[in-house]
Amino acid sequence: MKTHLPVVLSSLLFLLGPGAEAQPLYNEVRQKSAHNSYQRDEALLDQLVYHRVRSIEFDIHNGKTSWSKTSGNWYVYHADVVDHETTCHRLSDCLDELRAFHLANPQHEVVTVWVDLKDNFESGRQPQDLDARITAHLPSTWLFKPSDLLAACPGATSLQEAVTGACHWPSTQALQGRFLIALTGGDVSSSTTKLNTYVANGATATSRVAFIAPDLTQALAVGAKNYGVVFNLKNEDAALASTVYQAGFISRVWGVNDATSFSRAVSAKAHHIGTDKVNLHQDPWTVTHNTRGWPFGCIESWPCAGYQEPGDVLGVEVNSQDIWGGADSFLFASESNGAVTTTTWTAAVNTANSHVEEWAKGCLMARESTAANARYFAVCRAADRNKPRIQYRASAGGSSSAADVDLVPADTVDQESVTFLRLTVQYDGAQTCASGYGSQNGATWKLIGSRCFSGLLGHQGVAASSHGGGTVKFLFSGLKKGTTPYRQGSFPSKGAVGSGVNGGRFFDGIF
């Protein structure tokens, strides 16, 4: 049986040094896990940033009807023909979303990625090809691999030895900025199963990129293979999670789609609770994060309420009408800039992305004044179902116009999944020329549109409206002017523009 708090706490304090704040081990926290993450109403990056999910799942297939196979790559969907919808088309596309998340949030809490093998390995899609595909997008140094677990326990000869006795999983703090990959897709009852093929019946279990997570239906199977330290359970077998926990291993219980089942999984000390119910507002019983957005709940008696994930986020909650027509209604955090110069604003804009007014908007904006009918130019992400776009009003009190373009190639990721925005404002003393861009990764930008205005659009910053949909929240992550990070205190002017603004706030952080 695993020894928990006293030994773990003292060893962590020793490793972290005087004054450091110890955090629980990876197997001492529970978390919401987004089942079939590629198929949820919420975009993958919104699951990670807005809904505080750090456990996601991709189902991978060798091929797909009407699509050509590509060596070294897999298609992501649930079932061919009848249930093939996905927000990221190929495994490479889904991994690129994770790569974008990491580059924007390099100190993120560990993200566990469950990869469900729907088909057997075949020519061009062998275990080494899967490892190569993963590390092509998520470099090995970003991963926590079986070899890392073994190396942390000198003398251990198996993965089970590496997390039992005097050895244990790393702390959540030690895993910041890392991804842990776990393969599901059957059991290890024979040498020919998919998972045993991946690890050559255990011979390569400590040299592969991913852990295997075999199905678990009986307690006796927990210790049967010394290379099995992660297990996959159906909702009806949730009680077995307690056996996994006591052994010092990791469990995932999936198909947990009601509050009673969720509570049962929590009571059984399941680590990853897989659910289709991602939206934290719609189904608050799935929440495992604390009030600061730290995405885990503690199984043991740790002071989890005080933990916070490193990050740089400006939040806006708004209850207003729209940024549109001849006059606007929104919240605006801005500064005045009248210099003859070019200014660039960038941010990732994340939303609930489901169960929300779809034309609520989070924008980077340049505006002539704070009058409701002022001329403006903005690049915006809508709250749901729409791709990023530019908006502008060319004359005071005139109508508004909008334009959008496809920002990513078809059948890579959904256009509405694009979260990164950039606004460039150039003032030459006589006119202002503004351009709006979108990006899948915050590095490669595509122009959405540009517009020049006579005179100065000197009020620049972030804008948010809820389109009459009640209170809507936007998170502006990594907001910068040039290379300078901006938070809500960076803006000298913050307030409502126009009538119909019924409340709202600016704040730093997730909540």
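How does Cys452 count: buried, exposed or partly exposed? With 43% relative accessibility, Cys452 counts as partly exposed, because that value lies between the limits of 20% and 50%. The close-ups below come from a predicted model, so keep that in mind as you explore.

**View 1. Cys433 and Cys452 are joined by a disulfide.** Here you can find the two sulfur atoms 2.0 Å apart. The link between Cys433 and Cys452 is right-handed, with 105° about the S-S bond. Cys433 belongs to strand E19 (residues 431-439) and Cys452 to strand E20 (residues 446-454), so this pair ties together parts 19 residues apart in sequence.

View 2. Cys153 is buried, as is Cys167.

**View 3. A disulfide connects Cys88 with Cys94.** The sulfur atoms of this pair are 2.0 Å apart. Cys88 and Cys94 make a right-handed link, with 95° about the S-S bond. Both Cys88 and Cys94 are buried.

**View 4. The protein has 5 disulfides in total.** To follow the pairing, number the bonded cysteines in sequence order: they go 1-2, 3-4, 5-6, 7-8 and 9-10.

Technical notes:
Residues numbered from 1 in each chain as written. Predicted model: local features only at pLDDT ≥ 70, side-chain atom pairs only at ≥ 80, totals over all residues. Heavy atoms only, no water. Disulfide = S-S within 2.5 Å. Buried < 20%, exposed > 50% of the residue type's maximum accessible area, 1.4 Å probe, protein only. Helix = DSSP H or I, 4+ residues; strand = E, 2+ residues; numbered from the N terminus.
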